[in-house]
Amino acid sequence: MHRAAQALIGELDFSAFRSVECQSKSPKRRVERIEVRRDRDWVWMQITANAYLHHMVRNIVGTLVEAQRETDPEGSMRHILESRDRRLAGPTAPASGLYLWRVDYPPQFGIPAPPAPFLLN
């Protein structure tokens with residue numbers, strides 16, 4: 001899942017992971033980092049981006065779960081992303097278990113930085 005998720009890094013069109021209820025004028029977002037780690041029965045994922053579309057993270061999670069079953073998970077994720085077609089992506093993952101952990105703002109807003117980030121081992 002981690003390797004497949006790396007296909008989503010960069011400033012890209014995330015239409016394939018966008019909810020039909022999304023009201024954003026643009027489907028482009030810049031994903032700076034995605035980490036997927038497994039700890040026994042738990043899967044931890046951290047996504048750092050400049051902004052998110054409606055259900056974007058939930059749709060990415062659902063797609064990664066399905067993509068890991070493919071013979072070429074990385075290629076599958078690239079194909080889905082490039083298609084810009086929500087119908088090709090996986091299901092919307094349930095909201096339970098997914099958390100908005102923190103929000104960072106650019107320095108020009110004058111908002112103090114949060115404490116050091118939680119890092120997965």
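Select R38 first: this residue sits in strand β2. The model is predicted, so treat each stop on this tour as a computed feature. R38 is exposed, because its relative accessibility of 64% is over the 50% cut-off. Now show its side chain. One of its polar atoms lies 2.9 Å from the backbone oxygen of R40. M1 and R38 are 37 residues apart along the chain, yet their C-alpha atoms are separated by 9.6 Å.

**The largest pocket**

Stay with β2 and bring in the pocket. β2 (28–39) supplies at least two residues of the lining of the largest pocket, as do β3 (42–49) and α2 (56–67). Which residues lie nearest the centre of this pocket? Select M45, Q46, I47, Y99 and W101. They belong to a lining of 39 residues. The volume of the largest pocket is about 1,400 Å³.

Next, colour β3. This strand gives the largest share of the lining, with 8 residues. Then colour the lining by class.

**The loop between β1 and β2**

Move to S19. Its place is in the loop between β1 (10–13) and β2. Is S19 buried or exposed? S19 is buried, because its relative accessible area of 8% is under the 20% cut-off. Show the side chain of E21 as well. A polar contact of 2.3 Å joins it to the side chain of S19.

Now look for neighbours from farther along the chain. Leaving out residues up to four places away in sequence, S19 touches H54, H55 and N59.

**H55**

Go to H55, one of the residues that S19 touches. H55 is in the loop between β3 and α2. With a relative accessible area of 27%, H55 is partly exposed. Check its backbone next. Phi is near 65°, a positive value in a residue other than glycine.

**The aromatic pairs**

The structure holds 2 aromatic pairs. For one of them, select F14 and F17. Their ring centres are 6.3 Å apart and their planes stand at 50°, so this pair is tilted.

**Helix α3 and the residue after it**

Select residues 73–83, which form helix α3. Which residues of α3 are buried? They are P73, E74, G75, S76, M77, I80 and L81. Now show what covers them. The cover includes α1 (2–5), β1 and α2.

While the helix is on screen, keep its geometry in mind. An α-helix has 3.6 residues a turn, so residues three or four places apart point the same way. Compare M77, I80 and L81 in the view; they are among the buried residues of α3.

End at R84, in the segment after α3. Its phi is near 60°. As at H55, the value is positive in a residue other than glycine.

Conventions: Residues are numbered from 1 along each chain as its sequence is written. This is a predicted model: local features need pLDDT of at least 70, side-chain atom pairs count only at pLDDT 80 or more; totals for chains, interfaces and linings use all residues. Side-chain values use heavy atoms; hydrogens and water are left out. Rings of Phe, Tyr and Trp (its six-membered ring) pair if their centres lie within 6.5 Å; planes under 30 degrees apart count as stacked, over 60 as edge-to-face and the rest as tilted. On a 1 Å grid over the protein atoms alone, a cavity is a set of points where a 1.4 Å probe fits but cannot get out, and a pocket is an open set with protein on both sides within 12 Å along at least five of seven lines; lining residues have an atom within 4 Å of a point. Grid points are joined across faces, edges and corners, and a volume is the space filled by probe spheres set on the points. Helices (H or I, at least four residues) and strands (E, at least two) are DSSP runs, numbered from the N terminus. Buried means under 20% relative accessible area, exposed over 50%, partly exposed in between (1.4 Å probe, protein chains only). A polar contact is a pair of N or O atoms within 3.5 Å; within protein, one must be able to donate a hydrogen and the other to accept it, and residues adjacent in sequence count only if both atoms are side-chain atoms. Contact means heavy atoms within 4.5 Å.
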